[in-house]
Amino acid sequence: MKPKDLIRKLKQGDVRAVARLLTLIENEDKAVESILKNIWPLTGNSYIIGITGPPGAGKSTLVDLLAKTAIENNLKIGILAVDPTSPFSGGAVLGDRLRMNSAQKSGIFIRSVASRGHLGGLTATTRFMINGLEMLGNDITLVETVGAGQGDVEIVKVADTTIVVEVPGLGDEVQAQKAGILEIGDILLVNKGDRPGADRLAKELKMMLSLGEHKEWTPPIITTTATKELGIEELWNQINNHKKYLENKEIDEIRLSKIKYDLENQLSQYLFTRKMIQIGENEIQNMAEKIFNREIDPFTAIEEMIKQ
Ligand SMILES: Nc1nc2c(ncn2[C@@H]2O[C@H](COP(=O)(O)OP(=O)(O)OP(=O)(O)O)[C@@H](O)[C@H]2O)c(=O)[nH]1
Ligand SMILES: [Mg+2]
């Protein structure tokens, strides 16, 4: 399909056109730029909810239940599941598809995407895929990402509300990551409430929250048992509370700051790539050798390469 035809179909909210666009974005196809330029004014209209947490925490099960709840509230929903970089993610894709049963049955648009490893890539790709999804006219976009803590701040730059899922029984090495989790979560969720240690984990998180710096929004701590659909109503209510909080606090300003962050990333990526092409591999090799032989220091080397 020609970009022109695709754009026309996208503007009609055509599901297959959206699927096609998401594939193009995922493949970093050259056509993406001109398409996004055309549809940009029509994007940015959905409320973005991020769900992150360690592998197997129950994120997809929760996404499925949230999707169901949204449908019951007459809201249209799109889902993006960002898989881990691991080469075994083929299994995760299938797993997500299987577990998101009721979501798919209700005709909700679900898409899995492999994350690329480099952070800038994740942000840009995820952001643009969300924009693509928004052509369907979704009220809510749910984004599932795997992350165990500190490394996973990228989702915060994309989502309006970030839900961090924890589960009991992951051992002490996870302990250290909890501080990072508290930083990024607008809602802290202890899933697998049917497992031993769930209450203790919730209490621990509450303790850590009370010790941390006081913020305007205190993340609620919710316990759910996704497989029994327990706690979902509370989760839904808290998402709406956070949404209301953001709306009172100039949600546009927060969204603007996120776009600024994206723009800076894209710009530095662009400038970096352009400069690298100008300088070329040979010169970098030469300079590296000179630095290695102590003929030049790295600072002067960079100054000289940039000057040209
Ligand atoms: N006991 C128990 N099991 C649960 C609960 N929620 C989810 N599970 C199970 O945990 C497993 C993983 O669930 P998923 O929803 O796929 O978890 P996920 O976080 O999306 O996993 P990845 O996407 O692979 O990281 C499945 O077998 C679920 O049935 C829960 O509340 N209690
Ligand atoms: Mg999943």
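Of the contacts in this chain with a separation of 6 or more, 75% are between residues 24 or more positions apart; two residues are in contact if their C-beta atoms, placed from the backbone, lie within 7 Å. What you're looking at is a predicted model, where local features need pLDDT of at least 70, side-chain atom pairs count only at pLDDT 80 or more, and totals for chains, interfaces and linings use all residues. Residues are numbered from 1 along each chain as its sequence is written, while chains are lettered from A and ligands numbered from 1 in the order in which they are written.

The chain has 308 residues, and 34% of them are buried. Here, buried takes 20 or more other C-beta atoms within 10 Å of a residue's own, exposed takes 12 or fewer, and partly exposed is in between, with C-beta atoms placed from the backbone. As for secondary structure, there are 13 helices and seven strands. These are DSSP runs numbered from the N terminus: H or I over at least four residues for helices, E over at least two for strands.

For a look at the inside, go to strand β1, residues 47-53. Seven of its seven residues are buried, so β1 is largely enclosed by the rest of the structure. Both faces are covered, with Tyr47, Ile49, Ile51 and Gly53 buried on one side and Ile48, Gly50 and Thr52 buried on the other. Strands count as paired if DSSP finds at least two bridges between them. β1 runs parallel to β4 (residues 140-146), joined by seven bridges, and there Ile51 has Glu144 as its bridge partner. β1 is also parallel to β5 (residues 161-166), this time with four bridges, and Gly50 sits opposite Thr162 of β5.

Now for the helices. Two packed helices are described by the angle between their axes and the distance between the axes. Axes are lines fitted to C-alpha atoms, for helices over the stretch in contact, and angles run from 0 to 180 degrees between N-to-C directions.

Start with α1 (residues 3-11) and α2 (residues 15-26), whose axes come within 8 Å and cross at roughly 125°. That makes α1 oblique to α2; under 35 degrees is roughly parallel, over 145 roughly antiparallel, 65 to 115 roughly perpendicular, and the rest oblique. The crossing of α1 and α2 is left-handed, meaning the near helix is turned anticlockwise from the far one by less than a right angle, with clockwise being right-handed. Leu6, Lys9 and Leu10 of α1 meet Ala17, Val18, Arg20 and Leu21 of α2. Those residues split into five nonpolar, no polar and two charged; Ala, Val, Leu, Ile, Met, Phe, Trp, Tyr, Cys and Pro count as nonpolar, Asp, Glu, Lys and Arg as charged, and the others, Gly among them, as polar.

Then there's α12 (residues 281-292) with α13 (residues 298-307), packed at about 155° with axes 10 Å apart. That makes α12 roughly antiparallel to α13, and their crossing is right-handed. Glu283, Met287, Lys290 and Ile291 of α12 touch Pro298, Ala301 and Met305 of α13, a contact of five nonpolar, no polar and two charged residues.

Most residues other than glycine have a negative phi. Asn74 isn't a glycine, yet its phi is positive, about 60°. Asn74 lies in the loop between α4 (59-72) and β2 (77-83) and counts as exposed, with 7 C-beta neighbours inside 10 Å. Lys192, also not a glycine, has a positive phi of about 60°. Lys192 is in the loop between β6 (187-190) and α9 (198-211), but is buried, with 23 other C-beta atoms within 10 Å.
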